[in-house]
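Trainee: Could you walk me through this model, feature by feature? I want to learn how to read contacts, cores, helix packing and backbone angles.

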Amino acid sequence: MKKRVLAIAMAAAMTAGTLGSVNVMAAEDGGTEITVWAWDQAFNGFAMEEADKLDDSVTVNFVEMAKADCLQKIHTVLASGVTEDLPDIVCISDLNAQGYLMAYPDAFMPMDDVINYDDFSAYKKEAVSYDGVGYGVPFDTGVAGLFYRTDYMEEIGYTAEDMQNLTWDEYLSLGEKLKEKGHLLQTYNPNDIAEFQIMLQSCGTWFTDEEGNANFVDNAALAECYDIFKTLNESDYCKVVSDWTEFAGAINGGEVACVLRGSWISSTIIQGEDQSGKWAVAPIPTMETEGATNRSNQGGSSWFVLKNGKNAEAAAEFLKNTFAGSTDLYNTLLEGANIMGTYLPASDVEAVNIEDEFYGGQQVNKDLSTWMAEIPAVNTGAFSAEAQSALLAVTPQILEGADLTECLTEAESQFEQMIQ
C-alpha cells in the first residue's frame with residue numbers, strides 16, 4: 001500500500017493547480033473568517049453563501065476554482081507539507097475522497113465526534129470514511145433515476161405505473177417499440193462507461209474490492225454491465241454520441257426518450273423549456289445479478305475540514321450547525337438552486353414536496369429523496385478512475401466479441417500497473 005500512497009503524492013507534487021476567482025461572502029455580524037476551496041459558484045458557492053447566513057459566528061471566504069484545478073491544488077498543497085495559508089474547508093468529489101484520505105491520513109479532521117453520520121444516507125458515510133473513521137461532512141447526492149419522456153411512452157402504450165419497476169430486459173425492449181414511432185431509446189457512447197457506476201452500485205458492488213484491488217474477472221454485475229453495453233452497441237435504437245455537447249443536444253433536441261443518470265442531470269433536461277410537462281422520472285432498471293436493486297448513485301461531493309487550517313475548529317462547528325444540522329438550509333438550497341443534499345432529517349422539508357410542472361406535476365424531489373435513503377453503500381476506494389481507464393482500454397475488444405474473461409484479466413493487469 002505504501003507504493004500506492006507515494007504514487008498519488010508524487011503525481012500531486014508534479015503539477016500545481018491554478019487558482020481561480022475569489023469571492024468573499026461576509027456575514028453581517030462578522031465572525032471568524034473561514035476559507036473554503038471549491039468549484040462552481042452557482043452550486044457550491046450558493047450553498048456556502050446560504051449556510052453563512054445561518055451562522056453569525058463565521059464569515060465564509062469562498063475561493064472558486066475549476067473542479068480539476070481545485071482537486072489538483074489540494075493534492076499539491078498537502079503533498080508539500082506546508083501548512084501556512086491552508087484553507088479551512090475543501091470540497092472533494094466522492095469518487096476522489098478515498099484517494100486523499102489514503103494519501104494524507106493526518107491532514108483531515110476526524111468528524112465522528114462532531115456530527116451524527118446516522119443523519120446521512122449510508123452510502124455517503126462510506127464515501128467520506130477511511131479505515132473506520134469518518135472525515136467528511138456529506139453534502140449533495142447523485143441519486144440515480146430513469147428520466148423519460150412521458151409523451152413518447154404514451155405513444156407505445158406505457159404509463160407511469162408501467163415504468164416503475166422495469167428490469168433491464170424490459171427497459172431495452174422499449175427500444176424497438178420507440179423506433180417504430182420515430183424515437184430513440186437513449187444515447188450511447190462506446191467510449192464512456194458512466195452508466196456502469198450506476199449499475200454496479202445498484203448491486204452493492206464496485207470496480208474495486210475493499211482492499212483496492214481490481215474487481216473485474218469474478219464480478220457478476222460487471223459481466224452483466226458488458227452484456228447490456230454490447231446490446232446497446234449492436235442496437236439500432238440508440239443515438240450514438242461522442243461528447244457532452246452531443247449528449248445534451250440529444251436530450252434537449254427531443255431525439256431520445258430516456259436518460260439514465262444521477263439527479264444532477266435534471267439541470268440539463270430542464271433546459272429544453274419547450275418540453276415542460278413532458279418528462280417524468282422513475283427508478284432505474286433492475287439487473288439480474290443477485291442482490292440487485294433499483295436504487296443507485298452517480299456523483300456527489302462532500303466537505304472536509306483540514307486539521308491544520310488556521311480556523312479548523314470554527315470550520316468544524318460551522319459545518320455541524322449548517323450542513324450537518326439545519327433542515328432550513330436544505331430547504332433553501334432545494335428551493336433556490338435545486339440542490340439536493342443527503343441529510344435525512346431534511347427529506348421532508350417543504351421544497352421536497354413541490355409538484356414540479358416540468359415533470360408533469362410529479363413530486364420529483366420527494367421521489368428522489370426517498371430513493372436516496374435506500375442506495376446500497378459501497379466502498380468506491382481510491383482508484384475508481386484508474387479502474388475505469390483500464391476497462392475502457394479493453395472495451396473495444398469486448399464489443400467486437402473477444403472472450404470477456406481474457407479481456408478482464410488483461411484489464412486487471414493494466415490496472416495494477418497504473419496504481420503501482
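Trainee: Leaving aside its neighbours within four places in sequence, which residues is N215 in contact with?

Mentor: Contact means heavy atoms within 4.5 Å. By that rule N215 is in contact with T205, W206, F207, T208, D209, L222 and E412, leaving aside neighbours within four places in sequence. Before we go on, two sentences on the ground rules. This is a predicted model, in which local features need pLDDT of at least 70 and side-chain atom pairs count only at pLDDT 80 or more, while totals for chains, interfaces and linings use all residues. Residues are numbered from 1 along each chain as its sequence is written, and side-chain values use heavy atoms, with hydrogens and water left out.

Trainee: Where is N215 found?

Mentor: Helices (H or I, at least four residues) and strands (E, at least two) are DSSP runs, numbered from the N terminus. N215 sits in the loop between helix 8 (194-202) and helix 9 (220-234).

Trainee: Is Q197 buried or exposed?

Mentor: Buried means under 20% relative accessible area, exposed over 50%, partly exposed in between (1.4 Å probe, protein chains only). Q197 has 12% relative accessibility, so it counts as buried.

Trainee: And R261, buried or exposed?

Mentor: R261 is in strand 11 (residues 258-262). Its relative accessible area is 10%, so R261 is buried. Its side chain makes a polar contact of 3.4 Å with that of E195. Beyond four places in sequence, R261 is in contact with V143, A144, G145, F147, D192, E195, I198, F247 and Q298.

Trainee: Now cores. Which residues touch the most other members of the largest nonpolar core?

Mentor: A nonpolar core is a set of buried Ala, Val, Leu, Ile, Met, Phe, Trp, Tyr and Cys residues joined through side-chain atoms within 4.5 Å. The largest one has 83 residues, and M48, I89, F108, W303 and F323 touch the most other members. A second, separate core of 57 residues includes A221, C225, A257 and C258.

Trainee: What does W303 contact, leaving aside neighbours within four places in sequence?

Mentor: Among its contacts are M48, I89 and F323. The list also includes V36, A38, N44, G136 and L319.

Trainee: Which residues are buried in helix 2?

Mentor: Start with the general idea. An α-helix has 3.6 residues a turn, so residues three or four places apart point the same way. In helix 2 (residues 41-53), N44, G45, F46, A47, M48, E50, A51 and D52 are buried.

Trainee: Which residue caps the N-terminal end of helix 2?

Mentor: D40 does, with a side-chain oxygen 3.2 Å from the backbone nitrogen of A42. D40 lies in the loop between strand 2 (32-38) and helix 2. At 36% relative accessibility, D40 is partly exposed.

Trainee: What is the phi of D40?

Mentor: Most residues other than glycine have a negative phi. D40 is not a glycine, yet has a positive phi of about 65°. D131 also has a positive phi, of about 55°, and is not a glycine. D131 is in the loop between strand 5 (129-130) and strand 6 (133-134). It is exposed, at 72% relative accessible area.

Trainee: Last, helix packing. At what angle do the axes of helix 15 and helix 16 cross?

Mentor: Axes are lines fitted to C-alpha atoms, for helices over the stretch in contact, and angles run from 0 to 180 degrees between N-to-C directions. Helix 15 (residues 384-399) and helix 16 (residues 404-419) have axes that come within 8 Å and cross at roughly 150°.

Trainee: Which residues meet there?

Mentor: From helix 15 they include A387, L391 and V394; from helix 16, L404, L408 and F415.

Terms used:
A polar contact is a pair of N or O atoms within 3.5 Å; within protein, one must be able to donate a hydrogen and the other to accept it, and residues adjacent in sequence count only if both atoms are side-chain atoms.
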